[in-house]
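This report covers strand pairing and salt bridges. Please keep the model open while reading.

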Amino acid sequence: IHVAEVPYLYVLPPDLSQVFPPKGSAAGNSPVIVRGAHFLPGATVMFGTAPATAVTLVDASTLVLRAPAGTVGATVNVTVTNPDGQSAIKYTAYTFVDPASIGPAPTIAALKPPTGPTTGFTWGLVSGENIAPGAWALFGTRPVGTFDVKSEGLARFVTSPSIAGAVDVTILNADGGFGTAPGAFTYVLSTDLDAPPVVTSVSPVSGPTQGGTAVTLNGSDLDADAVVFFETTPAAAVTAQAPKLTVTTPAHPTGLVDVVVTDAEGQTTLLVGAFTFVPPPTLESITPTSGPSAGGTYVTATGTGFVLGATPAASTRVRICEDYASSSGCVDADVTKTTVASGTTLTFTTPAQLAGTSDVVVINPDGQEAVLTHAFFFRAPPKILGVNPQSGSTNGGEVVTIGPSSARYPRSR
């Protein structure tokens, strides 16, 4: 038996999972990203029976190419064939459309930062117009690792690794439209960059989900041109006062998030679990629901998100309003007589208020509020309108009628 000196190599066939965008101009030359697995150098791609051009192997799972021309309305299979002859087909994967049916092409106004290390992982923002939800981007011939459209004119990107040098940036919309900014981003060797930013802490460590909290980032090498994210949402109003940055939190869903900072050179760092977005309180019920207009009624409120702080002034407080929507007739309950028993229960004593129905408002230390409208009825004191008879014997025993007694309620809604 003769054993070959070179072992036989089994090569896996390619796998084709996605073609993006799934449509493009029938005139051809639209950029397309093909994703899958086991692609080899020299792989070819067919759109139906027409070959793609400028096929570039990014890595074993990604090809970037230009689609051929086709017939308007035709939907074709896309086939990837490796040099060893093995192939993969994605059926009805691409549709040729009339160029006039494609929406406005995306445009790129600026990238912040416009540079980053060749190792990738630069978190940044691209601004422009007509950047549609679901769009993706190419930096040179490499798809970015993440492309997150925040609005029609703003998207977050995370770069993939690449070689040093300036590259074009192309945004691909899902309808087949695309736009390119020549040389818009420059990859730089890490050895040519300054020290990266470092974030050691943030203060405060929590704020409302509605945003608007001023947060100080402590650390080193933090510059005024930095881009700051809370999780994946960009912060606003970044100002620097070495060695600190001050930013304003964006609106964000409830939860613990990372704080991410990218400096002007594109170096990105993150502080894991650094900030918590706190939901507003809810107010579900109060008991009792009525009491004298002179105040002094002991009331229990139930809801969620009540805060017990170090002092009464730093805890959830209560406000009574004739009309919360217009902020009219509002009186605060005494904080020294307000007790937060738990996150779902608090007690307070009603202040004096005009007779009638009032709204009850709970306010957390971060300014977030919850209101229960028409929740408490303030009763006016009784008023004696008549006494009959109005005189009688000093011996007593006289039957006297007092009334009718009535309370007047000057407000109604």
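Two strands count as paired if DSSP finds at least two bridges between them. The model is predicted.

## The mixed sheet

Strands β13 (residues 136–139) and β17 (residues 165–172) run antiparallel and are joined by 4 bridges. Within this pair, Leu138 has Thr170 of β17 as its bridge partner.

Both strands belong to an open sheet of 5 strands. The order is β11-β18-β17-β13-β14, with mixed pairing. β11 (115–117) and β14 (142–143) are the edge strands; each has a single partner, so one side of each lacks a neighbour in the sheet.

## The hairpin

β24 (residues 236–241) pairs with β25 (residues 244–248) in the antiparallel sense, over 4 bridges. The two strands form a hairpin, with 2 residues between them. Ala240 sits opposite Leu245 in β25.

## Salt bridges

The model has 4 salt bridges. Asp148, Lys150 and Arg156 are linked in a network. Lys150 bonds to Asp148 in a salt bridge, with the closest N and O atoms 2.6 Å apart. Asp148 also meets Arg156, at 3.7 Å from N to O. That contact falls within the 4 Å cut-off.

Arg156 is buried, at 6% relative accessibility. Lys150 is partly exposed at 32%, and Asp148 is partly exposed at 22%.

## A link between strands

Asp332 and Arg319 form a salt bridge at 2.6 Å, N to O. Asp332 lies in β32 (residues 328–332) and Arg319 in β31 (residues 317–323), so the pair ties together parts 13 residues apart in sequence. Asp332 is partly exposed, at 39% relative accessibility. Arg319 is partly exposed too, at 24%.

Methods. Residues numbered from 1 in each chain as written. Predicted model: local features only at pLDDT ≥ 70, side-chain atom pairs only at ≥ 80, totals over all residues. Heavy atoms only, no water. Salt bridge = Lys/Arg side-chain N within 4 Å of Asp/Glu carboxyl O. Buried < 20%, exposed > 50% of the residue type's maximum accessible area, 1.4 Å probe, protein only.
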